[in-house]
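User: I would like to learn how to read cavities, strands and sheets in a model. Please take me through this one.

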Amino acid sequence: MQSPRERSKVRPRAGWMVMGKRGRPSALEVCRVLAVFFVLFPAVSLQCKILKCNSEFWASTSNTGPEEEFCTALRAYNSCVRRTARTCRGDLTYHSAQHGIEDLMSQHNCSKEGPTSQPRARTPLPPPPPPVLTDSQERSDGPEVCHYERSLSRSTAAPNYTHCGFFGDPHLRTFGDDFQTCKVEGAWPLIHNKYLSVQVTNTPVVPGSFATATSKLTIIFKNFQECVEQKTYHAETDELPAAFADGSKNGGDRHGANTLRVVEKVPGQHVEIQARYIGTTIVVRQVGRYLTFAVRMPEEVVNSVEEGDNQDLYLCLHGCPANQRIDFRNFRARATEAHSGGRSRSSTGAHGFTYQSAKAKCKERLPVEDLYFHSCVFDLLSSGDINFTMAAYYAFEDVKMLHSNSKRYHIFDSDPLMSSAAKRGKDLLSVFLLNLLAVLLWSECGGIRL
């Protein structure tokens, strides 16, 4: 295969050249101009079929690969033009095509003898792929119990879907829409219920810093009735497979196996796991050197806790332990104070972001200053890794795809200074009302009329 640069050297240039023989327009350009002319004025050439030859040639060379393919198409073009000789002998386009073919054969060193092929435009198109059906349209390939929404009785209310996300340095959005920034170095469970378990492993981003990010992810889908066998999905940095650990892409050999499947969206970067038998969709991405996780799950499945299981460390449900949380507000307040005080607080990362430059970089992808935006700023300052900008961006994109309430896409954290002012205002109002009440009571008791 020729590289684009090599091909550009051998193809004739569009436009007009000067000096001698090259003073003529290129053959390709002449054909193109004349083709447009006769499309606009079709009555000029009702009998002559040269335009059909032109269009077939352009269609067959639109994605031409090796030079041999181009020469084959050119010989087919030449044969088509010759067949029109009787009706096109006095046609300007016909004579231009003849000269153009000669020039092209000379420029590309094509021999007049050799194989010809039918133009690609005349080859039958392959049948269209089967349509992608939604959950409600998908033909059942198993018992009703293998399709979560179909298994619900008609009298049951529609399921309430919840969302959990884990990304960046890391930041956690729980099923209850609580947004936290955590340390959680090492292995931690994100989800653990009757149907599946999800565990992440977080490693330090910068030596000597609290900043960690997810480098490994393991998801175990448990054996479920006649629908799916137990399946394990494992991903880690630079290894985001498009299949389960056993090489399969669905739930096994059972009748409802296709209600669990792995779908590769972008090789090595984006995988979606659809578990329709429990109404769950999981998105796993690799952004930079680290992984992100997002899930959409019915509330019933979220709370399906087995008796005796310790759920205290189920991060998506209960959040990070108090001793593992990072005071996000305090960090932002110190960064804001450092910037307003004129001190340049650069991160320990290689990029050396200041608070202002980190905000500017995050603003490019996250224009709304919600907690996704502030998490992006936090990550750039704490790690210096520019890829965390995209991690926050994709985490928010996953929210828009997976969260059932569009009004809850953005999560905002109220300004702590404003909160303090409001609290002080409430306290002052309470004191004033108490004093007023005391004065009124004293006046009444003393017989004084105000």
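**Cavity and strands**

Analyst: The largest cavity lies between domain 2 (145-325) and domain 3 (328-335 + 353-408), because both give residues to its lining; the domain bounds come from an automatic or database domain assignment. This is a predicted model, in which local features need pLDDT of at least 70 and side-chain atom pairs count only at pLDDT 80 or more, while totals for chains, interfaces and linings use all residues. Residues are numbered from 1 along each chain as its sequence is written, and side-chain values use heavy atoms, with hydrogens and water left out.

User: What counts as a cavity, and how many cavities of 30 Å³ or more are there?

Analyst: On a 1 Å grid over the protein atoms alone, a cavity is a set of points where a 1.4 Å probe fits but cannot get out; lining residues have an atom within 4 Å of a point. Points are joined across faces, edges and corners, and the volume is the space filled by probe spheres set on them. The count here is three cavities of 30 Å³ or more, and the largest has a volume of about 50 Å³.

User: Which elements give two or more residues to the lining of the largest cavity?

Analyst: They are strand S1 (161-167), strand S11 (290-298) and helix H13 (387-402). Helices (H or I, at least four residues) and strands (E, at least two) are DSSP runs, numbered from the N terminus. S1 gives the most, with four residues. Among the lining residues are His163, Phe167, Arg173, Phe293 and Asp398. By class the lining has seven nonpolar, three polar and two charged residues, where Ala, Val, Leu, Ile, Met, Phe, Trp, Tyr, Cys and Pro count as nonpolar, Asp, Glu, Lys and Arg as charged, and the others, Gly among them, as polar.

User: How do S1 and S11 pair, parallel or antiparallel?

Analyst: Strands of a sheet pair through backbone hydrogen bonds, either parallel or antiparallel. Two strands count as paired if DSSP finds at least two bridges between them. S1 and S11 run antiparallel and are joined by six bridges, with His163 opposite Arg296. Arg296 is also the bridge partner of Thr281, and S10 and S11 pair in the antiparallel sense over seven bridges. In the hairpin of S10 and S11, with two residues between the strands, Gly288 has a positive phi near 70°.

User: Is strand S9 buried or exposed?

Analyst: Buried means under 20% relative accessible area, exposed over 50%, and partly exposed in between (1.4 Å probe, protein chains only). Six of the six residues of S9 (residues 270-275) are buried, so the strand is largely enclosed by the rest of the structure.

User: Which way do the side chains of S9 point?

Analyst: In a regular strand the side chains alternate between the two faces of the sheet. From S9, His270, Glu272 and Gln274 point one way, and Val271, Ile273 and Ala275 the other. S9 pairs antiparallel with strand S8 (residues 260-266) over six bridges, and Val262 stands opposite Ile273. Six bridges also join S9 to strand S10 (residues 280-287), again antiparallel, and there Glu272 has Val283 as its bridge partner.

User: What is the order of the strands in the open sheet?

Analyst: The order is S4-S5-S6-S7, with antiparallel pairing. Strand S4 (186-192) and strand S7 (231-236) are at the edges, each with a single partner strand, so one side of each has no neighbour in the sheet. His192 belongs to S4 and is partly exposed, with a relative accessible area of 26%.

Definitions and conventions
1 Å grid on protein atoms, 1.4 Å probe; cavity = no way out; pocket = protein on both sides within 12 Å on 5 of 7 lines; lining within 4 Å.
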